[in-house]
Amino acid sequence: MMKVKVLRYLAFMACFLGVLLAATPDAAAQRRVTPVEPAPAKPVNPAQQNEKEADRTHVVERQDAAGNVVLVDTLTGKEWVDSAAIRKVPKMIFPLIDGVSIGVNIWDPVMRLLGQHYGLIDFWGELSMHNRYKPVFEFGLGVCNDTPDGMNYTYKSKMAPYFKIGANYNVFYNSNPDYQLLVGARYGISFFSFEVTDITSPDDYWGPQPSYSIPLQNCTAGYFELCAGIKVKIVKNISLGWQVKYHSLLHGGSTSAGEAMYIPGFGKRGSAITGSFSVIYTLPLNRSPRKTVNTEGDDS
């Protein structure tokens, strides 16, 4: 009887262990497949994602208007900028000091050949900075001996110097320096003397009138100019430059005997527009422009 109970107990334990062993793999399997909340993915740049996902065997390259490399998937027609090939143009591609120019303004000599009775000649020098900013200094000589049509006097001004200081701005500063579009401003000053001779009365009712004169007067005048023009290379280091100028008298230009009709460097009083025509010699200094570079590199 005891043996029967032991056998039954062993059989019961065997069944229990069998059921337990059968259930254990299922539980382990369930633990292994229990879902876990994934960590949030980092945002991906769409351009970079497109570059990674694109099949490069079907990708061709082209350049857009800004010179950037654009990738085109020939299967889908999708386009994106190749971020590894983006180029950036420096703000100013020419070095700080890129040239020195000297010029002679032959406007007045040419006009005198055409009958003008005033003016002489002037010279100027210019320093080019980044092919953009151009400080200018001018020196010239002016003279006048003019009897205006229909007038009863002769105005004379001895040869006198004038000086101008200012700057030009090259609108095309990142382009070929052989061709420039310039705008600028000047301040000018002149120290001169003048006299008026052979003054006669226009009234001849009482017959010929004796003439009289205004003796030599010393005078100083200051004025400003606004100018716009172009510079064009002709051959080697020689260029030609044309400018149109608007000017206005700031101070001086008169004495107790009256106003000066002509001011050296300015021209005739009352004439607001004038011009210049220069022959220019330019000495380039380290003029090689900096090339475009990768945005990830050094753009200096």
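Strand β5 (residues 97-105) pairs with strand β16 (residues 273-284) in the antiparallel sense over 7 bridges, where pairing requires at least two DSSP bridges between two strands and a strand is a DSSP run (E, at least two residues) numbered from the N terminus. Within this pairing, S101 has T282 of β16 as its bridge partner. This is a predicted model, where local features need pLDDT of at least 70, side-chain atom pairs count only at pLDDT 80 or more, and totals for chains, interfaces and linings use all residues. Residues are numbered from 1 along each chain as its sequence is written, and side-chain values use heavy atoms, with hydrogens and water left out.

**The barrel**
- Together, β5-β6-β7-β8-β9-β10-β11-β16 make a closed barrel of 8 strands with antiparallel pairing.

**Around strand β7**
- Strand β6 (residues 121-129) runs antiparallel to β7 and is joined to β7 by 7 bridges, with W124 having E138 as its bridge partner in β7.
- The hairpin of β6 and β7 has 3 residues between the strands, and H130 in the turn has a positive phi of about 60°.
- On the other pairing, 13 bridges join β7 to the antiparallel β8, and N145 has K156 of β8 as its bridge partner.
- Side chains alternate along β7 (residues 133-146): K134, V136, E138, G140, G142, C144 and D146 point to one face and are buried, meaning under 20% relative accessible area (1.4 Å probe, protein chains only).

Methods
Helix = DSSP H or I, 4+ residues; strand = E, 2+ residues; numbered from the N terminus. Buried < 20%, exposed > 50% of the residue type's maximum accessible area, 1.4 Å probe, protein only.
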